Amino acid sequence: MSPHRHGSFWGFIVFNIYALVSGDGGNLTASETPPLSSVVLSSAAFKPGLGSLLSLNLLSSFPEDLEISDYCSQLLLIFGQRYVAYVNCLVPAARPVKVCQNCFSSYGSLTEIFSNISSDQVGPGNVSCRDSLLRSDRLMLVYELFENLKVLWEKSNCNNCITKGFQNMTSDTLHFMTTLNQTLTCFEQYQQKNKTELCTNCKTDYKNLNVLYGGMEKNKTMCIDIEDAMNMTRRLWSKNFNCSFPREETVPVIAVSSFMLFLPIIFYLSSFLHSEQKKRKLIHPNRAKSYSSLMNIQDNRS
Amino acid sequence: MANITKKVSWSSRADESGATGEGTPLLNGSEQPRHSRQLSEGRSIFQIGRLSTVDLEEEITSDEDSLRGRPKEIPHNEKLLSLKYESLDYDNIENQLFLEEERRMSHMGFRCLEISRWVVCGLIGFLTGLIACFIDIVVEELAGIKYQVVKENIEKFTEVGGLSISLILWAVFNSAFVMVGAIIVAYFEPIAAGSGIPQIKCYLNGVKIPRVVRLKTLLVKVGGVICSVVGGLAVGKEGPMIHSGAVVAAGVSQGRSTSLKRDFKIFEYFRRDTEKRDFVSAGAAAGVSAAFGAPVGGVLFSLEEGASFWNQMLTWRIFFASMISTFTLNFFLSIYHNKPGDLSNPGLINFGRFETESVAYNLYEIPLFIAMGAIGGLLGALFNVLNYWLTIFRIRYVHRPCLQVMEAMLVAAVTATVSFTMIYFSNDCQPLGPEHTEEYPLQLFCADGEYNSMATAFFNTPERSVRSLFHNQPGTYNPLTLGLFTLTYFFLACWTYGLAVSAGVFIPSLLIGAAWGRLFGILLASITTTGSTWAVPGKYALMGAAAQLGGIVRMTLSLTVIMVEATGNISYGLPIMLVLMTSKIVGDYFVEGLYDIHIKLQSVPFLHWEAPATSHWLTAREVMSSPVTCLNRIEKVGTIVDILSNTSTNHNGFPVVVQVAGNDEPAKLCGLILRSQLIVLLKHKVFVELARSRLTHRKLQLKDFRDAYPRFPPIQSIHVSQDERECMMDLMEFMNATPYTVPQETSLPRVFKLFRALGLRHLVVVDDENRVVGLVTRKDLARYHLGKHGLEELQLAQT
């Protein structure tokens with residue numbers, strides 16, 4: 001296959017997609033049009049026989065049986081709206097991470113519409129939108145878009161914090177949040193005053209929080225929101241307020257270890273001085289002393 | 001001292017032979033074998049006696065002339081050969097009994113033998129895998145408990161103060177475990193100390209190390225290894241697996257246990273040194289394979305260490321044993337890890353998978369790898385030299401068991417102390433990973449949510465530390481941590497190897513190498529501009545590990561394959577090979593490999609692959625022992641008993657000579673008989689007179705010799721009455737009628753080749769008329785070695 005034929009092939013596909021999208025009409029925004037048309041233009045350069053851009057746009061639609069039904073396009077529209085809503089919710093919740101607690105409901109509605117699309121249920125007009133929307137082309141745009149968000153959701157372990165059916169946050173999570181707030185208010189309370197005071201006074205709250213977190217860690221009931229909140233709190237505690245344990249027992253540790261290190265020296269010295277050195281008894285093997293002496297002996301013998 | 005006793009014994013024997021000699025003219029007659037025997041025997045003994053005394057006197061005078069005041073007792077050093085080591089009888093004894101048995105055996109019988117060889121190899125693999133699995137699980141459980149307790153303690157005391165108590169707790173824990181391990185080794189089975197690889201190397205080389213393949217040794221070895229690894233010493237459990245595999249092989253192939261006094265009446269045919277040694281090589285291979293998940297590496301290990309005599313079928317069987325062993329380990333570990341059927345734990349040490357994408361190497365990295373090989377060779381040589389001096393000191397001064405136990409405990413306590421101090425003063429804090437790759441993260445003074453990075457290296461079993469050095473993300477360790485870790489662990493490992501505990505040196509070497517290799521990679525990434533993209537620390541850690549291990553043990557082919565198999569990445573073959581080659585070349589320039597040093601220090605008569613260079617001028621005449629104690633074909637029982645019970649000359653093989661009828665010609669060689677055979681003959685009282693009187697007497701079979709194998713009773717336990725002493729023994733049927741002989745002018749390398757290739761034990765040196773002139777044994781050959789000043793000769797010593 002020559003590169004030229006490749007190029008024309010891809011060009012043709014782009015052209016098809018463009019035709020499909022443009023057939024849907026109003027979804028296209030003005031900003032998207034120029035790059036698309038340029039692609040089409042470049043493809044048209046390969047296939048000048050197909051006519052100009054204008055004539056392409058005028059080609060209003062494919063025959064009846066290839067078009068998607070109204071029902072499906074309706075579903076697609078709703079999917080788009082909910083998708084936008086979820087992403088709009090996600091982006092502001094990126095830092096500090098609150099993607100689970102803020103956006104679980106919009107994610108729930110998104111999954112709902114997607115499961116509607118992907119079900120084999122036949123909608124009105126005896127059509128299943130699964131095939132036409134999800135897998136009638138190479139790009140599989142709808143599927144890919146949803147899949148990306150699903151991966152994000154799974155990576156953030158949000159399922160651990162949200163009840164089944166995306167109704168609410170789990171009680172564990174809520175409990176953690178209240179404990180966290182308690183600790184943070186305590187921090188705020190003493191922040192302006194002495195740091196050491198903060199360390200002593202907020203210690204119980206902070207410790208409770210840590211214990212709670214440790215328990216959740218063990219049960220695997222954590223999501224990214226909790227992890228991140230805990231990380232931030234720990235950082236506040238250790239780095240900003242410097243409440244970690246100080247290294248203050250250097251002297252006893254050094255004393256004990258130097259004592260330990262001293263023991264082998266004594267051991268080796270004493271075994272060198274007091275232990276009896278092991279001697280080996282040499283043994284002289286019987287050997288023919290030299291050829292001449294052996295010959296002499298043999299001569300004597302015979 | 002030895003000379004005096006020798007003289008005494010000779011004088012007594014000379015009297016005796018003189019007495020018989022007096023009677024000879026009267027009783028001369030060709031039809032009476034007994035009398036002619038007596039004559040010849042008396043004469044030959046007399047001659048030998050005369051020769052020997054002359055010889056001895058000469059030697060004493062020359063000694064006194066040249067080296068006046070030379071001590072007869074010298075401190076232990078490496079230039080000695082111990083008398084306690086004997087050769088294995090690898091050469092088949094083709095006597096008449098053997099031929100008869102072969103004639104009786106049907107075609108089917110040989111088939112069955114072949115099949116049972118396969119069965120034995122399968123069993124060896126299976127049991128070795130099981131032992132490896134047992135060790136692994138017990139170590140993991142016990143170490144888990146230990147680290148958990150110490151960790152909780154440290155956490156508690158970080159908060160309230162008193163960390164020195166945690167330090168003491170850790171040290172006491174370590175010492176307690178190590179004490180148990182050292183006591184069972186030092187008091188019950190000292191041969192189980194160390195990794196066991198030197199001993200197995202010697203065994204495969206053809207040296208019979210006393211008690212090395214006993215059941216008791218295996219038990220002590222397994223227990224000792226568990227104790228020393230759990231005790232936190234800088235040791236691994238991989239080396240001892242090879243020894244364990246060898247013991248399993250030696251035990252299974254015999255179909256009985258002499259220690260337990262159980263005889264299963266199976267595999268009786270394999271009860272001789274030839275077969276046993278073949279199976280032991282299979283066991284060693286199975287051990288390597290279980291330890292590293294490297295079946296091919298195991299086969300090559302046996303080939304490299306033991307291959308003087310090798311055939312394809314044996315190799316194939318050994319490979320089978322290796323495969324079975326790694327599969328067994330795999331299978332049982334998968335059950336232990338609650339993933340039955342998942343066969344992805346191929347060895348005790350698991351290097352983890354090196355994914356090809358992130359750790360691919362480039363052509364321009366090859367010189368870097370070679371440089372790392374050179375560093376590894378240098379560090380390995382340093383390690384070996386330090387360990388050499390330490391071992392000499394230990395042999396000379398720390399030889400009492402109680403001292404050995406104390407030393408091991410001290411090492412354990414110091415290891416804990418040093419580790420703790422390093423962790424305590426380390427400022428290297430790293431955030432906890434998402435998957436918790438750190439088994440026992442210690443926080444200590446780090447911020448919450450972070451852990452002390454020094455603790456992942458020290459506060460862990462060495463295997464895990466190796467794996468985290470290979471696989472942790474770049475940036476997990478900072479260079480200072482790695483540098484300090486390398487330094488301390490280097491000295492700790494060097495100090496630990498050679499203690500009276502069973503433990504291997506593989507893992508500590510890998511760990512040291514991985515630490516400095518990773519350091520190398522980090523520095524590389526920081527000094528080069530593009531380095532951060534290709535200088536993946538894990539890759540350099542692997543190369544460093546290979547270099548360090550190669551620099552210490554100096555294995556070549558097998559180690560390359562083991563490393564490649566353990567990493568599971570065939571594309572690392574070339575760099576690993578280059579690294580190992582360089583490290584061996586560089587290291588050999590300074591000092592030998594660690595195992596060879598220890599073999600030398602144990603005064604083992606070890607035959608290397610080749611005779612020392614520049615030894616062609618030495619002939620068999622200079623090499624051989626002479627004169628030789630010969631026996632007549634029909635010999636008086638009393639004489640045999642006397643010869644065997646002579647403690648000063650603990651000979652094992654006796655040339656059998658026959659007198660040419662009727663004249664004064666010296667006797668000619670007609671065969672060779674072994675001490676063990678003579679003892680069995682004496683025990684069963686196979687005397688000419690008794691055979692005549694009791695016609696129904698059962699004929700001695702090869703089975704009787706096998707039943708006595710391998711622990712032939714000492715001569716003292718065999719009672720021979722005064723009447724029986726006068727009886728005669730006909731050795732015709734039992735001696736090896738066609739022993740290997742060489743003429744006197746044969747050069748040393750030729751003799752050496754015969755020994756090495758045929759696995760000989762005795763080589764008779766004859767003159768042109770087939771008269772026995774001398775006898776070459778392993779010790780005669782092994783005493784020549786190439787030293788710094790040309791060819792040097794080792795001295796024989798009693799150890």
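In chain B, strand β9 runs parallel to strand β11 (residues 653–658), and 2 bridges hold the pairing on record. The model described here is a predicted one. Within this pairing, B:Leu631 has B:Val656 of β11(B) as its bridge partner. Helix α25 (residues 675–683) of chain B packs on the sheet to which these strands belong, touching β9, β11 and β12 of chain B. The direction of helix α25 makes about 75° with that of β12(B). The sheet itself is open and has 3 strands in the order β9-β11-β12 (chain B), with mixed pairing. Both β9 (631–632) and β12 (668–674) of chain B have a single partner strand and stand at the edges, so one side of each is left without a neighbour in the sheet.

B:Ser626 and B:Pro627 are joined by a cis peptide bond, with omega about -5°. B:Pro627 sits in the loop between α23 (620–623) and β9 of chain B. Chain A has a cis peptide bond as well, between A:Arg95 and A:Pro96, where omega is about -20°. Here the proline lies in the loop between α4 (70–90) and α5 (99–118) of chain A. As a rule, most peptide bonds are trans, and most residues other than glycine have a negative phi. Against that background, A:Asn157 also stands out, for it is not a glycine and yet has a positive phi of about 55°. A:Asn157 is found in the loop between α7 (141–155) and α8 (171–191) of chain A.

A second sheet brings the two chains together. This open sheet has 4 strands in the order β1(B)-β1(A)-β19(B)-β2(B), and the pairing is mixed. At its edges stand β1 (73–75) and β2 (80–82) of chain B; each has a single partner strand, so one side of each is left without a neighbour in the sheet. On average, neighbouring strands of this sheet are turned by 50° against each other, direction ignored. Strand β1 (residues 279–283) of chain A pairs with strand β19 (residues 795–798) of chain B in the antiparallel sense, over 3 bridges. In that pairing, A:Leu282 has B:Ala797 as its bridge partner. The pairing of β1(A) with β1(B) is antiparallel too, over 3 bridges, and there A:Lys281 stands opposite B:Glu73.

Chain B also holds a hairpin, formed by β17(B) and β18(B) with 2 residues between them. Strands β17 (residues 784–787) and β18 (residues 790–793) run antiparallel and are joined by 4 bridges. One of the facing pairs is B:Gly787 and B:Gly790.

How many residues does each chain bring to the contact? Chain B gives 77 residues and chain A gives 48 residues. Between them the chains bury about 5900 Å², of which 59% is on carbon and sulfur atoms. There are 9 residue pairs in polar contact across the interface, counting pairs with both residues at pLDDT 80 or more. The interface also has 1 salt bridge. That salt bridge links A:Lys239 with B:Glu450, whose closest N and O atoms are 3.5 Å apart. On the side of chain B that touches chain A, helix α13 (residues 401–425) of chain B supplies the largest share, 12 residues. The residues on this side of chain B comprise 37 nonpolar, 20 polar and 20 charged ones.

Conventions
Residues numbered from 1 in each chain as written. Chains lettered and ligands numbered in written order. Predicted model: local features only at pLDDT ≥ 70, side-chain atom pairs only at ≥ 80, totals over all residues. Heavy atoms only, no water. Contact = heavy atoms within 4.5 Å. Buried area = accessible area lost by both parts, 1.4 Å probe. Salt bridge = Lys/Arg side-chain N within 4 Å of Asp/Glu carboxyl O. Polar contact = N/O pair within 3.5 Å; in protein donor to acceptor, adjacent residues only side chain to side chain. Nonpolar A, V, L, I, M, F, W, Y, C, P; charged D, E, K, R; others polar. Pairing = 2+ DSSP bridges. Axes fitted to C-alpha atoms, helices over the stretch in contact; angles between N-to-C directions.
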